[in-house]
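These are my notebook entries on a set of look-ups in one structure.

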Amino acid sequence: MWMIAAPPDIVVYNAGMPEQTCPPCHAGIAEAAAGAPALASMVSRLLEARPSLKFYWRSTTAFCQDRAKWNADTARLNGMIEAPLCAVPGVRKLDGYGWTEGRCADYDDATHHSMLAFDHVVTWLRDVCDIQ
């Protein structure tokens, strides 16, 4: 009899984007930074309740329009979220910003980067499958 293992429970979560991407729907960097500890606390409780769960935080990707301003905000926001969230045991980071920084030629437009999605998936699968 064949035993097939159930796939792991996995969450890939992105939080945070620069205010310029959607001013009316964005809480702002200060509010996001203030909410990061609450997010970390929630994720910590979740991982305590479901120890087999794999939780990945994907940092916000780089932008190709008004790059200096947007990317400075993005890097700052990513750092504010990363500090408390990645301090939670069991949380892993997928570096969306690192994958996309300096690769504007591979973007569909100033924000979207479908051509880079393969890189994201390969990096994630390497981690999930523990492939070097």
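Entry 1, the core. I looked up the largest nonpolar core and found 14 residues, of which Val43, Leu47, Phe55, Trp57, Ile81, Leu85 and Val91 touch the most other members. I took a nonpolar core as a set of buried Ala, Val, Leu, Ile, Met, Phe, Trp, Tyr and Cys residues joined through side-chain atoms within 4.5 Å. Two or more residues of this core come from each of helix 1 (29-49), strand 2 and helix 2. Helix 1 gives the largest share, 5 residues. Helices (H or I, at least four residues) and strands (E, at least two) are DSSP runs, numbered from the N terminus.

The model is predicted: local features need pLDDT of at least 70, side-chain atom pairs count only at pLDDT 80 or more, and totals for chains, interfaces and linings use all residues. Residues are numbered from 1 along each chain as its sequence is written, and side-chain values use heavy atoms, with hydrogens and water left out.

Beyond its neighbours within four places in sequence, Leu47 contacts (heavy atoms within 4.5 Å) Leu53, Phe55, Val88, Pro89, Gly90 and Val91.

I located Tyr13 in strand 1 (residues 10-13). Its relative accessible area is 34%, hence partly exposed, between the limits for buried (under 20%) and exposed (over 50%; 1.4 Å probe, protein chains only). Not counting residues up to four places away in sequence, Tyr13 touches Leu39, Phe55, Tyr56, Trp57 and Arg58.

Thr61 lies in the loop between strand 2 (54-58) and helix 2 (67-85). Thr61 counts as buried because its relative accessibility is 9%.
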